[in-house]
Amino acid sequence: VNRMNLSTMTFLFVLLLALVAESLADRPPNIVILFADDVGYGDLATYGHPTQEWNALDDLANEGLRFTQWYSGESLCTPSRAALLTGRLPVRSGMIPSGQSEGRVLAPLDTNGLPKEEVTLAELLKTKGYATGHVGKWHLGINEKTSTDGAHLPAHHGFDFVGTSLPFTNHWSCDDTGIHMPKPDNAQCFVYHNTTIYQQPINHTELTPNLVRDAVDFIHQHAADPFFLYFAFAHCHVSMFTSPQFANQSSRGVYGDNFAEMAWAAGEIVDTLKSLELANDTLVFFTSDNGPHIELCLEGGSASLLRGGKSMTYEGGIRMPAIAWWPGKVQPGRVTSQLASTMDIYVTAAKLAGADLPKNVTIDGRDISRLLFDPDATTPHDVLFHYCSSRLMAVRHGPYKAHYFTQMLPFANYTTVHCTDGSPHGEFFQGWACFGPSVEAHDPLLLFNVEEDPSEVYALNVEEYSPVIDAISKAVAEHKAELKPGAPQLGKRSRNVQPCCNPPRCSCNYEK
């Protein structure tokens, strides 16, 4: 009997181990998005920058998959972040201004934000039991009726945990060095924890350490659960800032210091995953919201060989560095030139989590899981549409890119006029507008083969590419026929919603 009991117990123990192993194997992956701000295609050493020091992001690229034809959902902060979190073109969700207004991003006085009916990636993953967390830049709306209601903050879009947060952004006017501004503009510069403002203006020396602290705490608290962490950096948007340990360290100058601090923060997240033995259970994406602010001289980042930058639909404004990392699943050291989009993260994460996509809405992202796992896989995209607010500017079709409209590039001597020793005189955009005299219409289309000519220098003779033009025209006609633009959310403003931690002074630091 004892032998029988022992045999039975041994069998049950082995069965239990098998069930536990099967349960762990079936666990959906943790999803981590590391989202940079205004980082250009050429800013990483692994993307060819000659003097940016090797850092944790380059290690991530070497240990994962690096994309060379990855596109943002738009060329500015607010719409590109909406595209990331919804998998949809921003024109569909209404993250655009009315008419031909130039207000392309949400400001602190805006009373609207990302519409509540939009299903964010956080909300989608929660249906499969994920813990959801956010730290860093939001820029998808703050208040609706009062200065404290926080109606549009991430807590109302599926994020259960919201740590240190920039509901607006790190703005040019937040400069606290005295170099560009005599003092910060408190109306633009504030930090929240969840839905509560606790610092105004921003204390840059403690900002990144606080973001890392909160993100690491979230990972520790949910190590046993599948979790989604959206870490949106304040780097490398102007004003430039670093903690003391990174100041004056980079041979690249102040931008290099800024970039190095961001990379350190990314490394802290990855090291936490490794130390908790979660690396093999976690898919990490790193990319940027849009291209570099090239008009800001040496404080604006690098698009490398790509033309244009932030706010433009030339390649420099929308082609991003992008890395996917998942030890044991994504083969290390791979590089792919297959077409992909930031909006694909939404669909791919849903697929891997076993979540159903929202019904009765058009999702523009595609599942790129095969690109992650199979070196021979090809892109699921036939076409990508590139908008500036409500205007369709350009279309990517296979290796070709057709411009219907282009924005003005920085003029030939802008560095002489706007820079002194590489330092910008002010916040300056040459190609911000989507409409008006600074935008050039192209009829016939301006056509490039951006695989042969990623710098968009050598326009093709469209008469010799009639089949390509016909295919693009057909794709555009079909797209416009099915497109249902959302009601414009940007530009409705009220002083009643101005964030202010200590009225009427609007100055505090409750961190201390």
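Cys-297 counts as buried because its relative accessibility is 14%, under the 20% cut-off, and Cys-419 counts as buried as well, at 10% relative accessibility. In this predicted model, Cys-297 and Cys-419 form a disulfide with their sulfur atoms 1.7 Å apart. The pair links distant parts of the chain, 122 residues apart, with Cys-297 in the loop between strand 8 and helix 8 and Cys-419 in strand 15. A search of the whole structure finds five disulfides, and when the bonded cysteines are counted along the chain, their pattern is 1-2, 3-5, 4-6, 7-9, 8-10.

| Disulfide | S to S distance | Torsion about the S-S bond |
|---|---|---|
| Cys-297 and Cys-419 | 1.7 Å | -75°, left-handed |
| Cys-500 and Cys-506 | 2.0 Å | -105°, left-handed |
| Cys-501 and Cys-508 | 2.2 Å | about -135°, left-handed |

Cys-500 and Cys-506 are both buried; Cys-501 counts as buried at 12% relative accessibility, and Cys-508 is buried with a relative accessible area of 11%.

Cys-236 is in no disulfide. Cys-77 counts as buried at 3% relative accessibility, and Cys-236 is buried with a relative accessible area of 3%.

In soluble globular proteins, nonpolar side chains tend to be buried together. The largest nonpolar core of this model has 54 residues, and those with the most contacts inside it are Ile-33, Phe-67, Trp-70, Phe-228 and Tyr-230. Helix 9 (residues 344-353) gives the largest share of this core, seven residues. A second, separate core of 53 residues includes Leu-166, Phe-227, Leu-229 and Leu-278. Leaving aside residues up to four places away in sequence, Tyr-230 touches several residues, among them Ile-33, Phe-35, Arg-81 and Phe-159.

Strand 9 (residues 319-325) is mostly covered, since seven of its seven residues are buried. Strand 9 pairs in the antiparallel sense with strand 2 (residues 65-71) over five bridges, where Leu-65 has Ala-324 as its bridge partner. Strand 8 (residues 282-288) also pairs with strand 9 in the antiparallel sense, over four bridges, and Thr-287 stands opposite Ala-322.

Finally, the mean pLDDT of the protein is 94, with 95% of its residues reaching 70 or more. Over residues 16-24, however, the pLDDT is below 50, and this stretch has zero contacts in the model beyond near neighbours in sequence.

Definitions and conventions
Residues are numbered from 1 along each chain as its sequence is written. This is a predicted model: local features need pLDDT of at least 70, side-chain atom pairs count only at pLDDT 80 or more; totals for chains, interfaces and linings use all residues. Side-chain values use heavy atoms; hydrogens and water are left out. Buried means under 20% relative accessible area, exposed over 50%, partly exposed in between (1.4 Å probe, protein chains only). Helices (H or I, at least four residues) and strands (E, at least two) are DSSP runs, numbered from the N terminus. Two strands pair if DSSP finds at least two bridges between them. pLDDT is the predictor's confidence in each residue, from 0 to 100. Contact means heavy atoms within 4.5 Å. A nonpolar core is a set of buried Ala, Val, Leu, Ile, Met, Phe, Trp, Tyr and Cys residues joined through side-chain atoms within 4.5 Å. A disulfide is a pair of cysteine sulfur atoms within 2.5 Å.
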